[in-house]
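Keep the viewer open and follow along.

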Amino acid sequence: TTTSETITLASAQTANLLNAHVFDVSVQGNYQLDVSNMTAGVEATFLIKNTGAYDITFSGDFSFVGGNNPTITSGSSKVDLIGCVSDGTKMYCNITQDLT
């Protein structure tokens, strides 16, 4: 797909890779982000927009450098970018933080 999808994290949410590969995530609380419908070779981008002093818990489907969930940049209007590629069972991801 080439469309983007908006996700509002005011509760736990799932990014469905059948719907989009670019997700505009508005973080409105400390909630978990899941992903569904992974297939090998699929790439996904998550534009994380924090609305306050919140953090995200990434489900076990995500894998980051060092094996730890990253802490997103805290504060209103803070933006991080997460890029991932899937092997069909996990999303292997990088994070670029505090974009201005």
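Which residue in the turn of the hairpin formed by strand 8 and strand 9 has a positive phi? Gly88 does, with a phi of about 105°. Four residues lie between the two strands of this hairpin. Bear in mind that the model is predicted.

Now follow the pairing out from that turn. Strand 8 (residues 78–86) and strand 9 (residues 91–99) run antiparallel and are joined by seven bridges. Within this pair, Val79 stands opposite Leu99. Strand 8 also pairs with strand 5, again in the antiparallel sense, over eight bridges. There, Asp80 of strand 8 faces Ile48.

Strand 5 (residues 43–50) leads on to strand 3. Here the two strands run parallel, with six bridges between them. One of the pairs is Asp24 with Leu47 of strand 5.

Put together, these strands belong to an open sheet of six, in the order 1-3-5-8-9-7, with mixed pairing. Strand 1 (4–9) and strand 7 (62–64) are the edges, each pairing on one side only. Neighbouring strands are turned by 30° against each other on average, direction ignored. Strands of a sheet pair through backbone hydrogen bonds, either parallel or antiparallel.

Finally, zoom in on Ser26, which sits in strand 3 (residues 22–27). Is Ser26 buried or exposed? Ser26 counts as buried because its relative accessibility is 17%, and the cut-off is under 20%. Beyond its neighbours within four places in sequence, Ser26 is in contact with Ile7, Thr8, Leu9, Lys49 and Thr51. The side chain of Ser26 also makes a polar contact of 3.1 Å with the side chain of Gln28.

Key: Residues numbered from 1 in each chain as written. Predicted model: local features only at pLDDT ≥ 70, side-chain atom pairs only at ≥ 80, totals over all residues. Heavy atoms only, no water. Buried < 20%, exposed > 50% of the residue type's maximum accessible area, 1.4 Å probe, protein only. Polar contact = N/O pair within 3.5 Å; in protein donor to acceptor, adjacent residues only side chain to side chain. Contact = heavy atoms within 4.5 Å. Pairing = 2+ DSSP bridges. Axes fitted to C-alpha atoms, helices over the stretch in contact; angles between N-to-C directions.
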